[in-house]
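Please look through the model below before reading on. My notes follow it, point by point.

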Amino acid sequence: MENILPEPLTKELGDRLRGVVGDSWVIVDADRLLAYESDGLTAYRRTPRAVVLPRTTDEVSRVLSILSQEGVPVVPRGAGTGLSGGALADGDAVVVGTARMTDMLALDPANRLARVQPGMINVDLTKAAEPFGLYYAPDPSSQSACTLGGNIAENSGGPHCLKYGVTSRYVTGLTVVTYDGKIVEMGGFGRESGGYDLLGVFVGSEGCFGIATEIEVRLLPKPEGVRTLLAIFDRLGDAGSAVTEIMAEGLLPAALEIIDGPTIRAVEASVFAAGFPTDAEAALVVEFDGIEAGLEADVERAVARCREAGAREVRTADSEEERLALWQGRKKAFGAMGQIASDLLVQDATVPRSQLTDVLERISEIGVRHDLTIANVFHAGDGNLHPNLLFDRSDPEEVARVERASTEIMAVCVEAGGTITGEHGVGLDKRRYMSLVHGPDELDAMRRIKAVFDPLGRMNPGKVLPDAPDSAGAAT
Amino acid sequence: MNPLAELLSERLSKGQVIDGFDTEAWAVCGRVPQAVVFPESEAQVAEVLSLSSEEGWRCVPGGKGSWLHGGQPPQSVDVLLSAERMDDISEYEPADMFIVAEAGTRLDELERRTSECGQWLALDPPGGERGTLGAMLAVGAAGPLQASFGCPRDQVLGATLVTGDGRVLALGGKVVKNVAGFDLLKLVAGSWGTLGMITSVTMRLHPTPASDRSLLFKGAEAEDGAELACRLAQTPLPLAAVELLVPGEGESGGGAPSPLVAVRILESADAADEAERVLSESAGMAPVQRLEGEQSAAIFDNVRAMEDGAELVLRLSLLPSRLPELVEMTSRLSDLYDPNEGWGMRLAAHAHTGVLRVMIAVVSRPDGWVDRAKTVLGVLRRSLEAEGGSLVVSQGPPEIVSAVSAWGELGPAALLTAGIQAAFDPAGILARGGSPQ
């Protein structure tokens with residue numbers, strides 16, 4: 001995509017913003033703006049007009065008041081690890097980043113609550129909670145880099161949300177600043193508010209409704225015990241059957257993750273080699289957690305189901321070190337693929353679990369038809385797929401094939417009763433697929449709710465919703 | 001038939017509309033509707049709502065009528081729409097652990113179908129199992145299991161909503177992880193029918209637990225019970241529910257009612273044994289009773305039925321660690337009832353979320369009773385709100401609920417709430433004039 005350089009800020013506007021956040025925290029130099037030209041989905045690049053980095057709720061409110069008075073669109077940004085182009089600043093938009101808002105505001109172990117600023121890194125919250133025997137459950141793969149504010153925007157998942165649920169289960173209160181600079185409190189633990197679940201609709205709104213400047217989340221007690229097993233299969237379908245059988249047993253693992261043959265080979269060819277047999281077609285990671293006393297029995301039942309489904313090898317871990325080794329192939333899969341291909345498009349979709357095997361077969365056919373390597377890493381327990389399309393960005397013809405294959409994959413997932421994104425969000429990239437899952441009335445209803453929070457349409461414009469039918473071709 | 005019912009029966013069929021005396025059983029917080037309609041499809045719901053929007057008739061959606069006495073009393077009700085005749089289970093995929101059912105499906109019917117496949121809907125809202133799925137979602141009702149499974153908002157995957165102006169919206173989907181667009185479903189959960197009528201619901205299911213064990217611990221007085229409940233809820237165990245139960249004065253066989261703390265464990269038998277050991281140690285005593293399987297479920301079914309027959313139900317909240325203070329505050333309600341009438345005042349608290357339900361069997365009605373209730377509840381609400389908590393009048397005599405309002409003030413969120421209501425119901429026929437709007 002072409003990257004058109006925007007108009008710089010006027011000196012007067014720059015001065016007003018500097019007056020709020022300090023001279024160092026309004027970035028306008030072209031060199032420094034480069035760092036903000038894309039998020040984790042590097043196929044899209046746009047340079048913002050400026051980046052403003054406030055420190056407090058009050059500063060965010062004053063910055064947004066100034067920008068809204070001037071009619072300047074705003075794009076919120078956390079760590080920029082998103083995978084749907086949601087943090088890209090189009091046209092004359094200014095990025096408001098949370099990089100300086102990293103404070104722990106309150107930690108309340110007795111009530112298992114934390115109140116944090118949105119720029120805090122996901123894993124830092126768990127680190128802070130650990131001395132109290134607590135942790136923050138949602139664990140997106142990027143948890144060592146992504147921010148909690150970003151997690152709120154995307155309603156992030158992670159491998160362990162099979163048992164524990166996604167971000168929206170854990171956010172109990174928010175302080176939000178809307179585009180006009182108003183500060184609104186939503187929710188709050190220990191309180192039953194009247195009115196609608198504003199908090200619930202804000203989570204996952206991808207920066208289109210406002211900026212969360214304070215976040216209250218529930219923490220969980222660390223499970224007493226954790227057991228992990230890894231099963232290797234010669235056929236992907238067998239791994240899928242094992243998953244079905246484990247769930248049919250009535251077991252609820254903390255995680256059920258599969259990496260397929262192409263991914264195994266990518267991992268083994270990389271510095272992250274985890275000792276998987278390279279002729280295998282699937283590796284299944286199963287994890288249980290909870291009270292120590294009940295875990296061994298669960299593991300035995302899961303091992304038995306894996307063997308019945310045709311696992312050629314089942315490994316269990318006896319130490320924390322071994323446990324992490326079993327996870328290595330899954331956790332480093334994206335990094336490994338990055339080493340064998342110059343570019344990687346990480347797709348994201350969810351299908352009902354029973355459809356997994358069929359859908360994976362169809363995705364594999366799509367790969368063959370378009371002459372693309374597609375490697376699958378997925379949260380099998382909840383049907384959340386991540387087909388990874390390997391390509392070379394400098395080859396326009398290959399880029400076009402990746403586009404076509406992506407569209408077909410989305411259609412297959414929707415047809416199977418699933419959806420176009422399970423955890424990465426719609427952002428810029430998936431607006432065009434929205435009409436696959438939503439009719440005109442549903443899209444219209446979403447537009448109306450967006451307009452309640454942001455009547456002028458200047459909060460993260462051009463994201464999530466496709467253009468309204470009556471404004472076809474207006475914004476792209 | 002009255003003219004309104006006449007017009008409605010032209011659109012539906014005669015048997016689907018009732019008016020006159022028959023509608024009294026469908027009063028909403030004491031307001032008797034002019035007509036009750038029983039649509040059989042979402043198209044019929046859309047027909048009734050769009051006609052009502054044109055005519056400016058005020059509507060309230062309902063299920064079988066279990067929840068109509070709750071929430072903010074509407075100023076008036078012209079049409080009540082019952083989902084009673086929409087009770088098909090349309091899709092059930094045990095392997096995918098979801099179920100799609102029409103809004104009028106009873107919770108006990110859902111329970112029966114899912115238990116055949118070793119699954120359950122892990123929610124235990126007050127009112128027992130006679131309520132409908134749609135009503136449960138509409139009022140966001142949840143019981144003790146919210147400690148571990150959350151509320152309907154956390155377990156609903158999709159729903160069909162017919163908006164106030166008759167648009168049919170398919171919200172959400174059938175999968176747990178779904179971030180395709182704004183999550184409008186969250187707005188619908190707990191909206192009390194003010195955004196539209198829910199006609200179909202898709203819920204996530206869970207595997208039936210391998211074992212079900214409840215442990216009952218006894219406290220000396222209500223406050224001790226609250227402290228004990230806090231302590232047990234703070235053990236680092238995966239407990240399904242920790243509930244403080246204080247029976248009413250009239251059901252304690254004389255003397256001060258003695259509180260029970262009921263702990264529910266839905267883990268394997270081995271894990272439950274270990275949990276029992278840790279809990280007993282933390283309580284400094286053994287449980288007075290251990291209930292397994294159906295008996296364990298039954299004690300929590302009783303908790304669901306605790307609001308039955310209550311004239312006034314309040315929900316008081318503070319942070320969970322402050323449950324003892326919250327329980328102590330209930331002494332301020334002594335002016336509102338006579339402990340010798342009916343069973344007096346019962347308490348039930350969710351120790352993990354800090355929600356205390358107060359149930360009063362009979363509200364005393366001396367001269368000026370409404371003003372007195374208004375003062376007592378108003379003062380209590382303000383002191384709870386000052387501490388970050390809340391007071392909700394979940395159900396009660398309409399005079400009281402109208403006077404104190406079901407929910408507290410919304411503050412700066414009021415504008416957003418009003419905007420959302422108008423986006424779904426432009427003619428305002430579903431608005432109740434409180435919050436939710």
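1. **Ground rules.** This is a predicted model: local features need pLDDT of at least 70, side-chain atom pairs count only at pLDDT 80 or more, and totals for chains, interfaces and linings use all residues. Residues are numbered from 1 along each chain as its sequence is written, chains are lettered from A and ligands numbered from 1 in the order in which they are written, and side-chain values use heavy atoms, with hydrogens and water left out.

2. **Interface size.** Start with the contact between the two chains. Chain B brings 70 residues to it and chain A brings 75. Contact here means heavy atoms within 4.5 Å. The size of an interface is often given as the accessible area lost when the parts come together. For chain B and chain A, about 5,800 Å² is buried, and carbon and sulfur atoms give 61% of that. Buried area is the accessible area (1.4 Å probe) that two parts lose on being put together, summed over both. On the chain B side, the most area is lost by B:Lys177, B:Val179 and B:Phe182, together 17% of what that side buries.

3. A salt bridge is a side-chain nitrogen of Lys or Arg within 4 Å of a carboxyl oxygen of Asp or Glu. B:Lys177 pairs in this way with A:Glu423, with the closest N and O atoms 2.9 Å apart. Helix α14 (residues 413-424) of chain B gives the most to the side that touches chain A: eight residues. Helices (H or I, at least four residues) and strands (E, at least two) are DSSP runs, numbered from the N terminus.

4. Look at A:Glu442, in helix α16 (residues 440-453) of chain A. A:Glu442 is buried yet has no salt bridge. Buried means under 20% relative accessible area, exposed over 50%, and partly exposed in between (1.4 Å probe, protein chains only). Leaving aside neighbours within four places in sequence, A:Glu442 is in contact with B:Val168, B:Leu169 and B:Ala170.

5. B:Arg213 is buried at 5% relative accessible area, and B:Glu276 is buried at 11%. B:Arg213 also forms a salt bridge with B:Glu292, at 3.1 Å. B:Glu292 is partly exposed, at 35%.

6. **A pair within one helix.** A:Asp124 and A:Lys127 form a salt bridge (3.8 Å, N to O). Both lie in helix α4 (residues 122-129) of chain A, three residues apart, about one turn of the helix. A:Asp124 is partly exposed, at 33%, whereas A:Lys127 is exposed, at 51%.

7. **Positive phi.** B:Cys29 has a phi of about 45 degrees, and B:Cys29 is buried, at 5%. B:Trp192 has a phi of about 55 degrees, and B:Trp192 is buried, at 12%.

Notes
Lys, Arg positive; Asp, Glu negative; His and termini not counted.
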